[in-house]
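Hi,

Here's the structure I said I'd pass on.

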Amino acid sequence: MRLDNKTKWFFGVSGIGKDAAYALSTIMFIYLTTYVGMSPAFVGTMFMAVRVFDAINDPIMGNIVQNTKSKWGKFRPWILTGTILNAIIVIFVFINPGFAGDSIQLMIYITIFYVLWGVSYTLMDIPFWSMIPALSKHKEDRESVSAITRFFTTVGFAIVSAPYLVFASMLGSGQGNVTLATNEEMRTGFLLFSISIAVLFVISQLIMVLNVKEKNVIENPKKTSLKKMWRLLVENDQLMIVMIVVVVTNFVLYITSTMAFYYIAYNLGNENLFLPFIGFGLIVQLISIALYTTLSKKLNRKQMYNYSILLQIFAFLGLFANAFFLGNNIPLVFGLGAFVFFGQGIGMVLTTLLLSDTVEYGELKTGSRSESTVFSVQTFVVKLATGLSMGVVGLGLEVINLQVDADSDSLLAQSASTLTGISVMMFILPIFGMLLARAIFNKYHRIDEVEYQNIVSELEQIRGSGAVE
């Protein structure tokens with residue numbers, strides 16, 4: 001049975017609230033260091049430690065979801081529970097308890113709620129993505145629902161990550177100009193903004209849970225133990241390859257996306273350019289995601305992956321030349337940035353599809369099917385890459401001696417060496433990371449379109465009439 005359009009769109013549109021909520025975690029670093037006054041080295045190291053710890057727990061959560069049985073299925077109970085908990089917890093991160101920015105009390109407070117944020121988001125994120133293989137076994141359906149979902153998750157991410165400074169300024173001071181708002185007003189604005197996104201998160205997931213059901217249900221005869229879960233992960237070599245490639249790529253790109261604020265504010269000298277730059281980039285991402293299905297009819301997945309990576313490498317080389325030799329020409333920053341964002345959009349859809357393919361590959365190789373265990377790897381790699389990148393950014397900003405004063409309502413001037421350090425972190429690291437990821441993928445990844453269809457055909461023969469559609 002093919003997947004109906006109603007299911008595709010209800011599932012996909014819910015991605016708006018899901019990734020809007022996730023985007024709140026990506027702006028926490030700027031909020032805590034620039035407007036609260038916490039040490040970049042502490043925040044970066046803490047984020048790294050918590051994300052790595054949280055990432056290690058993801059496969060365990062995947063195993064719990066995989067063994068869940070209820071009248072609502074395996075996934076939806078966890079999606080709704082995790083959503084409600086996360087929506088409450090994220091507000092506490094942005095509540096200013098009155099502690100000084102450099103106080104041990106604030107460090108403990110933020111650490112506790114950041115840990116709780118990560119755990120609660122995992123509760124809903126793993127089952128959310130795990131539902132895709134359970135919606136349909138057909139390659140075309142999976143590509144369609146993945147592209148739709150990635151389109152709307154990008155929209156959700158965009159409505160937070162692009163205009164958050166403007167929204168915080170408007171909500172806190174009534175003015176859309178960030179430079180005219182005091183830091184106290186910005187902190188109030190961040191809190192009100194987080195509350196509004198939390199409400200959107202709950203509403204979007206509730207609508208999806210009530211309207212989307214699993215259709216490609218294939219139950220394992222026995223519960224999967226933790227020991228067996230780890231064996232399934234290790235023996236699924238293609239899953240491991242995808243995981244390594246995504247970790248390396250996301251690690252360097254997350255460094256760049258975090259450093260974008262500092263580059264625009266200090267190197268370009270105008271923090272109000274942040275909104276149009278990120279907004280422009282996210283529009284380009286949406287276009288690339290929307291074009292994925294059309295491009296996939298002309299190019300296979302390996303070709304799509306290589307073109308997307310090479311496009312970004314070319315753009316980063318141009319941005320490096322612009323920063324060091326052309327005087328940070330702003331139109332050139334936007335023009336070359338478009339190539340980076342376009343490649344990222346293609347990469348986001350590919351990540352979901354490559355992981356989906358490893359579900360059947362793992363079932364054929366190990367005799368046990370586990371969508372949740374496989375897709376726990378997606379949240380694992382995102383958290384691991386984010387955590388490592390935050391650690392590098394935090395320590396890097398300390399090394400290059402970035403000057404920040406939360407009591408000052410204007411950005412401090414930076415030395416020439418600090419500005420050079422920002423450009424190096426922004427443009428050099430991604431080039432090496434993507435070259436490494438591309439080399440690993442081309443050498444070791446084997447599941448192309450033909451191989452996937454062979455796997456599905458062989459599984460259908462093995463299952464006989466055991467699959468339930």
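Gly82 sits in helix 4, which runs over residues 76–94. This is a predicted model, by the way. Gly82 has a relative accessible area of 0%, so it counts as buried. Setting aside its neighbours within four places in sequence, Gly82 touches Ser120, Leu123 and Met124. Asn442 is another matter: 360 residues away along the chain, its C-alpha atom is 37 Å from that of Gly82.

Next, helix 1, residues 5–13. Its buried residues are Thr7, Lys8, Phe11 and Gly12. They lie on the same side of helix 1, because the arc they cover around the axis is only 120°. Turn to the face away from the buried side and you'll find the exposed residues Asn5 and Lys6. As for what covers the buried ones, helix 2 (15–36), helix 5 (104–135), helix 6 (139–161) and helix 8 (183–211) are among the elements involved.

With 31 residues at 1.5 Å each, helix 10 should span 45 Å, and the 43 Å between its end C-alpha atoms agrees with that. It does have a bend of about 40°, at Met259. Of its 31 residues, 25 are buried, so the rest of the structure largely encloses helix 10. Just past the end of helix 10, Gly269 adopts a positive phi of about 80°.

Cheers

Technical notes: Residues numbered from 1 in each chain as written. Predicted model: local features only at pLDDT ≥ 70, side-chain atom pairs only at ≥ 80, totals over all residues. Heavy atoms only, no water. Helix = DSSP H or I, 4+ residues; strand = E, 2+ residues; numbered from the N terminus. Expected span 1.5 Å × (residues − 1). Bend = angle between axes of the 7 residues up to and from the residue. Buried < 20%, exposed > 50% of the residue type's maximum accessible area, 1.4 Å probe, protein only. Arc of directions from axis to C-beta. Contact = heavy atoms within 4.5 Å.
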